[in-house]
Amino acid sequence: MIARAAVFAVAAAVGSLLAGWWALPVLGLVWGVAAHRRRAPGRTAALGATLGWAGLLVWNTVGGEGWRLAARAGDTLGLWGAPGYAAATLVFAALLAGCAAAVGSALERVLR
């Protein structure tokens, strides 16, 4: 499961850089259809999306401005600053990809 999650993490990070957050549900749906015989494709996609976006958050934070922006946005949204904003971002990514993969897996089983 870890190796598959790592593959999805790379796909999620690259897809998000190229197409924005919309890439996660699309990749998750494709992942769910392709991996419908594997165990828990939704969990694998959720973990991979979390890892991929965590990497993007770290990459954006290294420049210095990302953490300040996250702190300000987190305070504005009432999310306890930058850590709360980062956690909400990672939960968002996990839900998008995981739910889409679960739907794709279920659709593949039903339409088969």
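Is Trp80 buried or exposed? Trp80 counts as exposed, at 76% relative accessibility. Exposed here means over 50% relative accessible area, buried means under 20%, and partly exposed is in between, with a 1.4 Å probe and protein chains only.

First, some ground rules. This is a predicted model, in which local features need pLDDT of at least 70 and side-chain atom pairs count only at pLDDT 80 or more, while totals for chains, interfaces and linings use all residues. Residues are numbered from 1 along each chain as its sequence is written, and side-chain values use heavy atoms, with hydrogens and water left out.

Now the overall layout. The chain has five helices and zero strands, and from the N terminus its elements run α-α-α-α-α. Helices (H or I, at least four residues) and strands (E, at least two) are DSSP runs, numbered from the N terminus. The C-alpha trace spans about 50 × 25 × 25 Å along its principal axes. Of the 112 residues, 38% count as buried. Contact means heavy atoms within 4.5 Å. Taking contacts between residues at least 6 apart in sequence, 71% join residues at least 24 apart.

Next, helix packing. Helix H1, residues 2-19, and helix H3, residues 41-62, have axes that come within 7 Å and cross at roughly 50°. That makes H1 oblique to H3. On this scale, angles under 35 degrees are roughly parallel, over 145 roughly antiparallel, 65 to 115 roughly perpendicular, and the rest oblique. The axes are lines fitted to C-alpha atoms, for helices over the stretch in contact, and angles run from 0 to 180 degrees between N-to-C directions. The crossing of H1 and H3 is right-handed, a term used if the near helix is turned clockwise from the far one by less than a right angle; anticlockwise is left-handed.

By class, this contact of H1 with H3 has 14 nonpolar, four polar and one charged residues. Nonpolar covers Ala, Val, Leu, Ile, Met, Phe, Trp, Tyr, Cys and Pro; charged covers Asp, Glu, Lys and Arg; the others, Gly among them, are polar.

Gly48 is buried, with a relative accessible area of 0%. Not counting residues up to four places away in sequence, Gly48 touches Ala5, Phe8, Ala9 and Ala12. Its C-alpha atom is separated by 11 Å from that of Leu27, 21 residues apart along the chain.

Ser105 is buried, with a relative accessible area of 2%. Leaving aside neighbours within four places in sequence, Ser105 is in contact with Gly32, Val33, His36 and Pro41.

On to the aromatic residues. A pair of aromatic rings is described by the distance of the centres and the angle of the planes. Rings of Phe, Tyr and Trp (its six-membered ring) pair if their centres lie within 6.5 Å; planes under 30 degrees apart count as stacked, over 60 as edge-to-face and the rest as tilted. By this rule the count comes to four aromatic pairs. One of them, Phe8 with Trp31, is edge-to-face, at 5.2 Å centre to centre and 75° between the planes. This pair links distant parts of the chain, with Phe8 in H1 and Trp31 in helix H2, residues 23-34, 23 residues apart. Both Phe8 and Trp31 are buried.

Which residues form the aromatic cluster? The cluster consists of Trp21, Trp22, Trp53 and Phe92. Trp21 is in the loop between H1 and H2 and counts as partly exposed, at 36% relative accessibility. Apart from residues up to four places away in sequence, Trp21 touches Trp53, Phe92 and Leu96. The C-alpha atoms of Trp21 and Leu96 are separated by 8.8 Å, although the two are 75 residues apart along the chain.

Last, backbone angles. Most residues other than glycine have a negative phi. Ala40, in the loop between H2 and H3, has a positive phi near 55°. Ala40 counts as buried, at 18% relative accessibility. Back to Trp80, in the loop between helix H4 (65-77) and H5: its phi is also positive, near 60°.
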